[in-house]
Amino acid sequence: MNEGAAELATAIGVRVKHERQQHRWTLDQLAEGTGVSRRMLVNIEQGAANPSVGTLLRISGALGVGLPDLVEPPRSKPMKVTRRGEGAVLWTGAHGGRGVLVAVTEPPNVVELWDWTLEAGDRQVSEPHTAGTRELVQVHMGAISISSGVQTVTLNDRDALSFPGDVAHAYVNGGAHAARFSLTVFDPGVGSATRMERADA
């Protein structure tokens, strides 16, 4: 393999492994989805093989990336800034509270960052999210009560909580003053046709 071919094989191997791990697939799962042997996939990921176009097309099709993208190393994503007031207001409470989505990552492992305000008397009820979802909260002002399943806890200023989001849950401001908190939602495997096991290689 000459120098140019070796560089291309290395770039392909890095990209294939990156995309496979983004899908949380094992080598065996990728082999099953592509019809390419596990041994060949190992060689490709190690940059030790010069796969045919047909093999690359099967791999790119299974991973959901175009063939041109597969032959380039993964590029870092640019920063995305959300300035004050630019977030998407996706919930409005009966008493004026707001749930604002201010940042989000790309699938398959989606992380959402929210800026929440619950006015006195506001209540936000959520149905269970997909299996494995976790929610993390920190209160910045006031106090809120959070119910998850059969448990309820009250959080005051600077208190924090982590809880499962794949059960019914609710945020309530039963006090006399507004409450503000940050919410992070981790939703694994979004966009996957099937939620496969975490890759072990």
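Keep in mind throughout that the model is a predicted one.

**The whole chain**

Zoom out and colour by secondary structure. The chain has five helices and ten strands. It holds 201 residues, and 33% of them count as buried. Now show the surface. The accessible surface is about 11,700 Å², with 52% of that area belonging to carbon and sulfur atoms. For contacts between residues at least 6 apart in sequence, 63% join residues at least 24 apart.

Go back to Arg-24. Where does Arg-24 lie? It is in the loop between helix H1, residues 3-23, and helix H2. Most residues other than glycine have a negative phi. Arg-24 is not a glycine, yet its phi is positive, about 60 degrees.

Next select Arg-158, in the loop between strand E7 (151-155) and strand E8 (160-164). Arg-158 is not a glycine either, and its phi is positive at about 75 degrees. Is Arg-158 buried or exposed? It counts as exposed, because its relative accessible area is 54% and the cut-off for exposed is over 50%.

Select Glu-19, which sits in helix H1. Glu-19 is a charged residue, and it is buried, with 11% relative accessible area. Display its surroundings: apart from neighbours within four places in sequence, Glu-19 is in contact with Leu-63 and Val-65.

Move on to helix H2, residues 27-34, and show its side chains. Which residues of H2 are buried? They are Leu-27, Gln-29, Leu-30, Ala-31 and Thr-34. Gly-35 follows H2 and has a positive phi, near 80 degrees.

**The aromatic rings**

Select Trp-91, Trp-114, Trp-116, Phe-163, Tyr-171 and Phe-181 together. Ring pairs link these residues into a cluster. How many aromatic pairs does the count come to? The count is six. One of the pairs is Trp-116 with Tyr-171: the ring centres are 6.2 Å apart and the planes stand at 20 degrees, so this pair is stacked. Trp-116 belongs to strand E3 (residues 110-118) and Tyr-171 to strand E9 (residues 169-172), so the pair ties together parts 55 residues apart in sequence. Both Trp-116 and Tyr-171 are buried.

Stay in strand E3 and select Trp-114. With a relative accessibility of 12%, Trp-114 counts as buried. Leaving out residues up to four places away in sequence, what does Trp-114 touch? Its contacts include Leu-90, Gly-99, Val-100, Leu-101 and Val-102. Among the others are Phe-181, which is also in the ring cluster, and Ser-182, Leu-183 and Val-185.

From Trp-114, draw a distance to Val-104. The two are ten residues apart in sequence, and their C-alpha atoms are 9.0 Å apart in space.

Rolling a probe the size of a water molecule over the atoms shows where empty space is left.

Terms used:
Residues numbered from 1 in each chain as written. Predicted model: local features only at pLDDT ≥ 70, side-chain atom pairs only at ≥ 80, totals over all residues. Heavy atoms only, no water. Buried < 20%, exposed > 50% of the residue type's maximum accessible area, 1.4 Å probe, protein only. Helix = DSSP H or I, 4+ residues; strand = E, 2+ residues; numbered from the N terminus. Phe/Tyr/Trp six-rings, centres within 6.5 Å; stacked < 30°, edge-to-face > 60°. Contact = heavy atoms within 4.5 Å. Areas by Shrake-Rupley, 256 points an atom, 1.4 Å probe, with all protein chains shown as cover.
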